[in-house]
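Have the structure open while you read.

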Amino acid sequence: MAFGTNEKFLSKKNCVVFIIGLFSFIKIRILGTLGISEILIIGLYIGLINPFSFLENKNVVYLYGMTFLWLLGVFISDQLNGTPIIDSLKGLFNVIFLLLLIPFVYWALYDKPSRMLFFWLGAGISSLMGFYFQKVPSLNLYEAEVWSVYAYYPLCIAISGLLYYNQKRFLSYLFIESFAIWSLWHMSRNVFLCMTIGVCLLIFMTNLKYLEFYDRIRFLKDKCLILILILCFSIFSISYGYEYLASHKILGERAYQKYIMQHNSELGLLSARGDFFQSLELVSKKPIIGYGSYAKANSNMLTYYSLDEKEFSKDEILPGHSYLMGGWVYTGILGLIFWLYILRLIFKFLYVGLVYDLKLMGINILLICMMLWNIFFSPFSDRLNFLFFIMSLIIQTQYSKEYAK
């Protein structure tokens with residue numbers, strides 16, 4: 001590592017991570033979507049970062065191996081399904097870049113997991129730059145309003161996390177909950193749900209700061225059932241609150257019309273995530289090999305769960321609006337195994353690693369709420385953001401286990 005190991009090196013390393021975050025949402029199209037930061041990272045391997053340093057950490061090696069297993073799933077599924085060469089290359093490209101980025105993200109965080117705050121602050125600014133300077137021309141006013149929430153989402157999480165890290169916990173709660181309420185008036189119910197649940201969990205775990213390390217772990221184990229009950233109550237209360245506001249037109253006419261359509265549909269409010277059920281229907285027919293990268297639909301392939309109940313058109317890309325289900329639909333059982341492994345890492349962190357650095361608990365909880373939603377209900381994107389999230393959990397869990405010995 002060219003910088004050395006002194007304070008000057010650490011300061012420069014923080015700057016490097018911030019700059020990488022700053023360009024993470026600025027995209028170009030080369031066989032799929034490629035971030036400027038990803039190009040910069042490849043350049044950093046020349047003379048600055050040893051791309052094989054992650055081999056010293058068995059947990060990261062295992063992550064690398066599971067990612068390679070997912071890549072193998074892409075290749076096998078594409079071959080067996082006769083996927084067109086361009087679609088196959090895009091599918092392979094997506095996972096290959098995950099493999100290429102792992103060494104950098106490990107280098108960025110292995111000595112100081114809290115450095116992720118620099119990345120997320122940069123990524124938050126980058127998200128706004130990407131939204132305002134790389135706008136999709138086809139977005140209508142309604143779509144632009146919804147996407148503006150997602151554009152501010154990373155920055156608000158970063159600011160809230162920084163406030164929490166600097167012991168401004170009440171301000172952290174107030175800031176992120178204000179954003180959550182604002183998002184509800186901009187047609188983003190899921191952001192409101194995730195961030196409000198995050199605030200509820202953080203308030204519940206306030207007492208951890210008064211406990212010694214071993215007592216913190218014991219507290220989480222002993223209060224596990226209470227925590228689950230609080231989660232269930234929070235979800236019920238938040239859902240009821242949304243229904244009341246939407247049904248009484250307090251959120252506006254568009255929210256009211258959307259609520260009425262969902263309320264009268266077969267799946268109720270779950271109809272907003274009908275693509276998840278489409279994916280379940282698809283994998284029930286081909287659970288082992290999947291359908292191949294960017295697979296297209298044939299007529300009568302599945303039932304179309306949606307608000308308007310239109311038929312699923314031929315040659316439309318099969319639904320993969322979920323990290324988990326998208327991996328399974330497109331790459332078969334090996335894609336599913338990878339995302340189940342990621343879920344295992346998240347829940348292992350909640351059980352062991354969450355108590356490692358209580359100052360990081362604010363951003364950790366908010367990111368986990370966001371990421372769990374994405375894993376179940378969002379299409380996979382932003383490889384670098386995902387890796388910074390999961391790598392920080394791996395390293396914090398490892399440090400926590402070592403400290404407990």
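Predicted model: local features only at pLDDT ≥ 70, side-chain atom pairs only at ≥ 80, totals over all residues.

The protein has 16 helices and 2 strands. Of its 405 residues, 52% count as buried. The accessible surface comes to about 19,100 Å², with 66% of that belonging to carbon and sulfur atoms. As for how the chain meets itself, take the contacts between residues at least 6 apart in sequence: 73% of them join residues at least 24 apart.

Now zoom in on Ser24, which sits in the loop between α1 (7–22) and β1 (27–29). Ser24 is buried, at 6% relative accessible area. Its side chain reaches the backbone oxygen of Gly21 at 2.7 Å. Leaving aside residues up to four places away in sequence, Ser24 touches Ser37, Phe119, Ala123, Ser126, Leu384 and Asn385.

On to the sulfurs. How many disulfides does a search of the whole structure find? The count is 0. Cys194 shows why: its sulfur is 6.2 Å from the closest cysteine sulfur, in Cys369, and that is too far for a bond, given that a disulfide needs the two sulfur atoms within 2.5 Å. Cys200 is in no disulfide either, as its nearest cysteine sulfur, that of Cys369, is 9.5 Å away.

| Residue | Relative accessible area | Class |
|---|---|---|
| Ser24 | 6% | buried |
| Cys194 | 5% | buried |
| Cys200 | 28% | partly exposed |

Key:
Residues numbered from 1 in each chain as written. Heavy atoms only, no water. Helix = DSSP H or I, 4+ residues; strand = E, 2+ residues; numbered from the N terminus. Buried < 20%, exposed > 50% of the residue type's maximum accessible area, 1.4 Å probe, protein only. Polar contact = N/O pair within 3.5 Å; in protein donor to acceptor, adjacent residues only side chain to side chain. Contact = heavy atoms within 4.5 Å. Areas by Shrake-Rupley, 256 points an atom, 1.4 Å probe, with all protein chains shown as cover.
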